[in-house]
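Here's a quick walk through one chain, taken fold first and details after. Have a look at the model before reading on.

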Amino acid sequence: LDEEGKWSYFISKSGVVTYQKERGSPRNILSVIRDVGTTTQAKTHLENMGFDFDYPKPVELIKYLIKMSTNENSIILDSFAGSGTTGEAVLQLNKEDEGNRKFILIELEPEICKTITSERVKKIIKLPSINKIDKVTLYEKKLNLNDLKNIDKIRDEIKEIGQEEKE
């Protein structure tokens, strides 16, 4: 420790001097950016999706930053993807303004990438509020036991519809 007791100095085995600043209790930093969520809210959002991740970025913050710095056709790169917030933000923005943004997420921790980042993005893509694909019913029929005896006839009807859609 130095004279004021705020810095600790260490010498590594190779002779390199490093230092570390002592920190008091954690402090919240006030931001000039308002109404973009908090880390606590972001953590709750992830927990509701079934994920546990410390200090995630709020989706609204990332959406705000993306809107300020890109256009509707940009490719957004997140080199520290973590929980996948950037992916969710891009998908939400595309839904809101009919944009065509794409994103590239890089996460160097394989376990986080496999169990959180990619799984979160998959869940978000499947949400009806995000999915842009309009679902159209091409075949609908109430079935009874007699219909199940003639299942080949139903399969043929469905194949015909499939052929018509291809044409």
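Predicted model: local features only at pLDDT ≥ 70, side-chain atom pairs only at ≥ 80, totals over all residues.

Residues are numbered from 1 along each chain as its sequence is written, and side-chain values use heavy atoms, with hydrogens and water left out.

The chain has six helices and four strands, running β-β-α-α-β-α-β-α-α-α from the N terminus. Helices (H or I, at least four residues) and strands (E, at least two) are DSSP runs, numbered from the N terminus. Of the 167 residues, 25% count as buried, meaning under 20% relative accessible area with a 1.4 Å probe and protein chains only; exposed is over 50% and partly exposed is in between. Contact means heavy atoms within 4.5 Å. Take the contacts between residues at least 6 apart in sequence: 56% of them join residues at least 24 apart.

T38 lies in the loop between β2 and α1 and is partly exposed, at 38% relative accessible area. T38 and V59 are 21 residues apart in sequence, with their C-alphas 9.2 Å apart.

Now the helix pair. The axes of α1 and α4 come within 11 Å and cross at roughly 80°, so the two are roughly perpendicular (65 to 115 degrees). Axes here are lines fitted to C-alpha atoms over the stretch in contact, and angles run from 0 to 180 degrees between N-to-C directions.

| Helix | Residues | Contact residues |
|---|---|---|
| α1 | 39–49 | H45, L46, M49 |
| α4 | 110–126 | R120, K123, I124 |

Which residues make up the largest nonpolar core? They are L46, M49, F51, F53, L91, I116, V121, I124 and I130. Such a core is a set of buried Ala, Val, Leu, Ile, Met, Phe, Trp, Tyr and Cys residues joined through side-chain atoms within 4.5 Å. α4 gives the most to this core, with three residues. Apart from it lies another core of seven residues, including V59, I66, V90 and L93.

Definitions and conventions: Parallel < 35°, antiparallel > 145°, perpendicular 65-115°, else oblique.
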